[in-house]
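Dear colleague,

Please find the structure below, handed over for your own work.

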Amino acid sequence: MTHAPVSLVLLASGPTGDFPDVLDAVRRDCGPQDEVVCVVPATRTALLDVAAGQEWLRVIEVASDTPEECWSAGVAATTLPIVVFLDGDTAPSPGWLAELVTALDDPTVVAAGPSCTRTFGPQRVESPTDPAAAARFAADWDGDGVTDVGRLGPVCAAVRRDALTAVGGPVHDLLPYPALAARGRVVLARNALVLHRSTDCALRPAATSAEGAFLSAVLLTRDDEAHLADCLSAVRPFVDEIVVRDLGSTDRTVEIARAAGAVVVEGGWDGDFGAARSEALSHVTAEWTLALEPDEVAEGNPMAMRGQLMFATRSNVLAVRVGSQPAPRLFRTEIGRFTGSESEVMVDRITGEPVPCEGLFPGLSLRIADAAAGTAGRNLRSTPHSPAEDRVNASRLQGPRAEISALLDANRLGDATIRLNESLSAGERPLNLGEIDRVLAATWSAAEARDAVIAVLAKVSSELSVGQWFNWSARVRAAGLPAACPLLTVAADEGNPAPQRVIAAAMAMEFYDDETAGAVFAQAIEHVSDAESEEVLARLREYTPRVAASVEMAPA
């Protein structure tokens, strides 16, 4: 399959031993009409020797490891009307380039991306983790045409050079998708497939510079003049910058934000909270970000809080108390992005996988100014799309995985979660644990899905990470369903290992003062062996220091 001439910019990335295979895959799909440059970041000099001597490509060394500077260097070194960007920690499937570039044969399309594993954004697909199985998956891949998506992820994309130049060039997350979408269509070419390994990815800089802002606050607003001034004045002593993404206010919201010194990003509302907050994050310059709502008031000692955060060198995502409940709101900007049109879920900026919360940050809390009234930003919800019933009907012949996917695409959230629960009850496992977590997060806000979400959580709670326990327990308790708390589910199940039951019960005691958990904790801790006691106590000290202080474990 032939394609229009392209300038392909390859970012040297991934393990040294795998990079020759990437070069072979790129050469396989490129033709004599294409120009190829391999950009080697300052931190990837080991890959320089691998790329050197390849006569069919040009190697460029860049004295930086930031993605936007590397991508920009590749653009500057090439000339053809279509530019294709590809991270080197990938395994492109045969024919991917032609399938991708063909999408730009339509003059209304300004950018296109392939289906891609381990990426943030609508390109994301799941593949087996076993290398042999992943290879078979790629060989059998058969997408279903071109779909308008509005934005793409950071791993691979094709773009018209003139459009990219007009919007200012590459950015940290590869392309400035909102600006491109204003100039034409941004699409997903589903037939093209790129497997992103993300084993040693160069898309994440090696280290964050100590210079510049340390902490930023990010808000979404719409007609929030009643609370916004109090919110911004309270958070200002804690942060170095404030970024407000306004969703189309008609009152004084934007005026108030600008008067408070905030960076205001104005735009329309397309019904997608996750995309809007992720867009706001693209304007953040700080190492850490605090996500908050316009009716929340920051409380605490700003100087002490910043000092505590500076020592959180091993953490990426932390929870703060919002009202009476902990919520993951404090995170390294380099790590977090948001997905979910109605219920925002934090995911990794590169891989799109859920990011676990690593504990409760004690130096800051957020008081809700008027919990009963809420804000316009909280209450906005997108209008459901028309159900794709034809695909749903066809999927019933393809197994539960395809059916769940089709139901989600048709916005039949309750049906999708019910089907997942039925499948698990029958002893099937149509989705892996990460996929299950994403499905539950996407459907949690739908009332019709709530009972099925709780049922699925009960089945998989013992497999969840500590961070997932924390996130889901906060969700179900905030919904007034403490009995469904995954921490209690894990702690009460005598079939689970005693150390796991102890940690789960302790977390319910530490964060929620749950009396039920206290009785379970006392029973479970009796079954912790001497060999396990030291490790259990260490984990209690890490996750639940108040409970740990009250415990006398048997000597190891």
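**Nonpolar cores**

Leu420, Trp469 and Phe521 touch the most other members of the largest nonpolar core, which has 72 residues. Helix 20 (residues 498-512) gives this core its largest share, eleven residues. Another core lies apart from it and has 64 residues, including Leu23, Val37, Val62 and Val186. Here a nonpolar core is a set of buried Ala, Val, Leu, Ile, Met, Phe, Trp, Tyr and Cys residues joined through side-chain atoms within 4.5 Å. Buried means under 20% relative accessible area, exposed over 50%, and partly exposed in between (1.4 Å probe, protein chains only). Helices (H or I, at least four residues) and strands (E, at least two) are DSSP runs, numbered from the N terminus.

Leucine 420 is in contact (heavy atoms within 4.5 Å) with Ile404, Pro430, Leu431, Ile436, Val439, Leu440 and Val456, leaving aside its neighbours within four places in sequence.

Please note that this is a predicted model, in which local features need pLDDT of at least 70 and side-chain atom pairs count only at pLDDT 80 or more, while totals for chains, interfaces and linings use all residues. Residues are numbered from 1 along each chain as its sequence is written, and side-chain values use heavy atoms, with hydrogens and water left out.

**Annotated domain**

An unreviewed UniProt entry carries the annotation "domain: Glycosyltransferase 2-like" for residues 68-130 and 217-299. UniProt positions are given in the numbering used here, feature names are shortened, and annotations may be inferred rather than shown by experiment. Residues 68-130 are 25% helix and 32% strand, and their end C-alpha atoms lie 32 Å apart. For residues 217-299 the values are 33% helix and 28% strand, with the end C-alpha atoms 14 Å apart.

Helix 10 (residues 273-281) is largely enclosed by the rest of the structure, because eight of its nine residues are buried. Among them are Phe273, Arg277 and Glu279.

**A buried arginine**

Arginine 329 belongs to strand 17 (residues 325-332). Its relative accessible area is 14%, so arginine 329 counts as buried. Not counting residues up to four places away in sequence, arginine 329 touches several residues, including Glu293, Glu296, Leu318 and Leu366.

**Cysteines**

How many disulfides does the structure hold? There are zero, a disulfide being a pair of cysteine sulfur atoms within 2.5 Å. The cysteine sulfur closest to that of cysteine 201 is in cysteine 116, at 9.8 Å, which is too far for a bond. Cysteine 201 is buried at 13% relative accessible area, and cysteine 485 is buried at 0%.

With kind regards
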